[in-house]
Amino acid sequence: MTSDNDRRRGLLARLRGRPVARSRGRRRLGAAVRLIAALTLAGGAYTVFAPGVQAQENPPLTGAAAEGKALFDVSCVTCHGRNAQGVEGRGPSLVGVGAASVEFQVGTGRMPMARQEAQAPRKTPVFTNEQVRQLGQYIQELGGGPQIPEGDLRQGANLATGGELFRINCSQCHAFGGGGGALSSGKYAPSLHPSTDRQIYAAMLSGPQNMPVFGDNQISPQEKADIIAYIQETLKHNQDQGGFSLGRYGPSTEGLAIFLIGIVALVFASLWIAGKS
């Protein structure tokens with residue numbers, strides 16, 4: 001049987017252990033309270049400062065861009081989404097395409113599209129030039145991208161250099177006379193004759209449809225001015241120093257002319273000579 005001394009020692013041991021257990025429980029409770037307080041403080045700080053951070057990341061639009069957004073929300077949001085992020089099966093994202101792409105597509109009437117086709121054709125623009133600029137400014141401020149410089153886009157241009165650059169970089173698709181030509185899968189290179197200076201510059205910057213992008217690293221701004229001047233001042237004025245242009249479509253019409261005119265003339269000449277002899 002347990003003696004009285006053993007019972008006393010057990011009682012004393014239990015009494016000594018209670019304060020230790022209580023102190024551990026208090027420490028755990030205190031740690032939990034501090035953790036909850038810290039999380040509450042962090043959440044409150046985020047609630048207070050997050051709107052300010054968001055406002056800095058999304059600065060207010062300028063007046064022109066705000067007008068462009070109003071036009072976008074009415075005419076473009078169905079295909080390109082509320083924030084121009086694109087809608088699958090309808091239209092691509094416009095974030096990062098820049099004002100140059102908008103000026104080309106909207107300024108030439110290619111957008112808005114009437115229906116899905118292999119290529120958007122040029123047609124009468126829906127928006128005025130001012131509205132086109134406003135739409136372009138909205139897309140520019142939304143995500144940046146290539147932008148057409150202001151001022152005279154032909155300043156200091158060299159027609160001879162522009163002609164050489166055009167024949168190297170553009171004539172394969174747009175033909176030597178700028179009249180355009182057929183491509184694969186129902187696509188085509190359009191005629192350059194109705195294009196303005198800004199539209200040509202925008203096309204080189206944005207690379208619409210099947211056209212490659214000619215950034216400033218590929219063709220410098222001065223070389224772009226040379227090409228624009230050559231198109232506007234030479235090709236559009238039918239300045240064919242070589243004589244009859246044959247539509248300026250290149251070797252195809254020249255070969256056809258040689259066959260229909262030259263060969264036929266030789267045959268008749270041969271028959272006339274034979275008849276005389």
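Student: How many helices and strands are there in the chain?

Tutor: The chain has 10 helices and 2 strands. Both kinds are DSSP runs numbered from the N terminus: a helix is H or I over at least four residues, and a strand is E over at least two. Along the sequence, the pattern reads α-α-α-α-α-α-α-β-β-α-α-α. Before we go on, this is a predicted model, where local features need pLDDT of at least 70 and side-chain atom pairs count only at pLDDT 80 or more, while totals for chains, interfaces and linings use all residues. Residues are numbered from 1 along each chain as its sequence is written, and side-chain values use heavy atoms, with hydrogens and water left out.

Student: What does "buried" mean?

Tutor: Buried means under 20% relative accessible area, exposed means over 50%, and partly exposed is in between, using a 1.4 Å probe and protein chains only. Here, buried residues make up 29% of the 277 residues in the chain.

Student: How many residues of helix 4 are buried?

Tutor: Helix 4 has 10 of its 10 residues buried, so we call this helix mostly covered. Those residues include V102, F104 and Q105. They pack against helix 5 and helix 8. For packing, think of contact, which means heavy atoms within 4.5 Å. After helix 4 comes G109, with a positive phi near 80 degrees.

Student: And which helices do the buried residues of helix 8 pack against?

Tutor: They pack against helix 4 (98–107), helix 5 (129–143) and helix 9 (221–233). Helix 8 spans residues 197–206 and is mostly covered, with 10 of its 10 residues buried. Among them are R198, Y201 and M204. The residue that follows helix 8 is G207, and its phi is positive, near 60 degrees.

Student: How are two packed helices described?

Tutor: You give the angle between their axes and the distance between the axes. Axes are lines fitted to C-alpha atoms, for helices over the stretch in contact, and angles run from 0 to 180 degrees between N-to-C directions. In this model, the axes of helix 4 and helix 5 come within 8 Å and cross at roughly 145 degrees. On the helix 4 side, the contact is made by G98, A99, V102, E103, V106 and G107; on the helix 5 side, by V132, R133, L135, G136, I139 and Q140. Sorted by class, that contact has 6 nonpolar, 4 polar and 2 charged residues. Ala, Val, Leu, Ile, Met, Phe, Trp, Tyr, Cys and Pro count as nonpolar, Asp, Glu, Lys and Arg as charged, and the others, Gly among them, as polar.

Student: How much space lies in the largest pocket?

Tutor: About 760 Å³. Of the 31 residues lining this pocket, H80, P92, Q105, M111 and M113 are the closest to its centre. On a 1 Å grid over the protein atoms alone, a pocket is an open set of points where a 1.4 Å probe fits, with protein on both sides within 12 Å along at least five of seven lines, and lining residues have an atom within 4 Å of a point. Grid points are joined across faces, edges and corners, and the volume is the space filled by probe spheres set on the points.

Student: Which helix gives the most to the lining of the largest pocket?

Tutor: Helix 4 does, with 4 residues. Helix 2 (63–75), helix 3 (77–80), helix 4 and helix 5 each supply at least two. By class, the lining divides into 18 nonpolar, 10 polar and 3 charged residues.

Student: Where is the cis peptide bond?

Tutor: That bond joins M111 and P112, with omega about 0 degrees. P112 sits in the loop between helix 4 and helix 5.

Student: Which loops hold A175 and Q209?

Tutor: A175 is in the loop between helix 7 and strand 1 (181–182), and Q209 is in the loop between helix 8 and helix 9. Each is a residue other than glycine with a positive phi: near 70 degrees for A175 and near 55 degrees for Q209. A175 has a relative accessible area of 8%, so this residue is buried. Q209, at 35%, is partly exposed.

Student: Why does I219 count as buried?

Tutor: Because its relative accessibility is 3%. I219 lies in the loop between helix 8 and helix 9. Leaving aside neighbours within four places in sequence, I219 is in contact with N169, F214, K224 and I227. I219 and N169 are 50 residues apart in sequence and 9.7 Å apart in space, C-alpha to C-alpha.
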